[in-house]
Amino acid sequence: SGPLQFQVTVTRMGKVMRMECTSEDAVASVDGITVLSSGDEDKEKNGELYRGPILDDLPEDVREALDEYLREDCGIDEDVSAFVSMYSDYREQAEYVRWLNDVKKIVQ
């Protein structure tokens, strides 16, 4: 299967860091980071929340440090990345079979 997007949320010191990530070939990487404080929910709903810089514009060592944080501190290593991808495929197949059965019930 192709790249899979997922989120990792870290809460610390009254702040929430939401990392938008991609898993491909059992390797996870950070694509974007949003930091929320308490009370930012309205800003987020209204699209007023700062979503951080484009990570590709950051220095390579900063991007590498974020990917290392994801692996080392958040535990999203190759095994977890592979599991997320396999589970996504399983869920997709299960949803497809359920959809087929639902369609069959309607058209019969």
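Modeller: β1 and β2 form a hairpin with two residues between them. Met13 in that turn has a positive phi of about 55°. This is a predicted model: local features need pLDDT of at least 70, side-chain atom pairs count only at pLDDT 80 or more, and totals for chains, interfaces and linings use all residues. Residues are numbered from 1 along each chain as its sequence is written, and side-chain values use heavy atoms, leaving out hydrogens and water.

Strands here are DSSP runs (E, at least two residues) and helices likewise (H or I, at least four), numbered from the N terminus. Strands pair if DSSP finds at least two bridges between them. β1 and β2 pair antiparallel over nine bridges. Val10 has Met17 in β2 as its bridge partner.

β2 and β3 also run antiparallel, joined by ten bridges. Thr22 stands opposite Ser29 in β3. In this hairpin, two residues separate the strands, and Asp25 takes a positive phi near 55°.

Now Ser23, in β2. Ser23 is buried, with a relative accessible area of 3% (buried means under 20%, exposed over 50%, partly exposed in between; 1.4 Å probe, protein chains only). A polar atom of its side chain lies 3.3 Å from the backbone oxygen of Ser81. Not counting residues up to four places away in sequence, Ser23 touches Gly2, Pro3, Leu4, Phe6, Ala28 and Ser81 (contact: heavy atoms within 4.5 Å).

Ile76, with the same exclusion, touches Phe6, Val8, Ala28, Leu70, Arg71 and Ser81.

Technical notes:
Polar contact = N/O pair within 3.5 Å; in protein donor to acceptor, adjacent residues only side chain to side chain.
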